[in-house]
Amino acid sequence: MVLDIRMDDVVKLRKQHPCGSDEWRVVRLGADIGLKCLGCGRRILVPRSQLQRQIKAFISRGEPTQFPWAPEDKESGG
Ligand SMILES: [Zn+2]
């Protein structure tokens, strides 16, 4: 199963950052997911497969957007 991660999601991870916060905002999507610590603002990259096991809960969800690697829907109009 592929975890549905969106830009601007705020997630709670099992592992706490040294600054004391365990909440992160998704700032980049790709094979690696970019996370920004809500405690200290530090950014990290976590492999998608690893992040799936790290997420304890979603605090809030971002807008549903298409993944950058997904094929675009091409409408044959006209
Ligand atoms: Zn931090």
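Q: What makes two strands a pair in this predicted model?
A: Strands (E, at least two residues) and helices (H or I, at least four) are DSSP runs numbered from the N terminus, and two strands pair if DSSP finds at least two bridges between them. The model is predicted: local features need pLDDT of at least 70, side-chain atom pairs count only at pLDDT 80 or more, and totals for chains, interfaces and linings use all residues. Residues are numbered from 1 along each chain as its sequence is written.

Q: What is found in the hairpin of β3 and β4?
A: Five residues lie between the strands, and Gly-41 takes a positive phi near 85°. Strands β3 (residues 32–37) and β4 (residues 43–47) pair in the antiparallel sense over five bridges. Within this pairing, Ile-33 has Val-46 in β4 as its bridge partner.

Q: Why is Cys-37 called partly exposed?
A: A residue is buried if 20 or more other C-beta atoms, placed from the backbone, lie within 10 Å of its own, exposed if 12 or fewer, and partly exposed in between. Cys-37 has 19 C-beta neighbours inside 10 Å, so it counts as partly exposed.

Q: Which residues does Cys-37 touch, not counting those up to four places away in sequence?
A: Contact requires C-beta atoms, placed from the backbone, within 7 Å. Cys-37 touches His-17, Cys-19, Ser-21, Trp-24 and Arg-42.

Q: Why does strand β5 lie largely in the open?
A: Of the six residues of β5 (residues 55–60), the number buried is zero, so the strand lies largely in the open.

Q: How many bridges join β1 to β5?
A: Four bridges join β1 (residues 10–13) to β5, and the two run antiparallel. Val-11 stands opposite Phe-58 in β5.

Note on methods:
Two residues are in contact if their C-beta atoms, placed from the backbone, lie within 7 Å.
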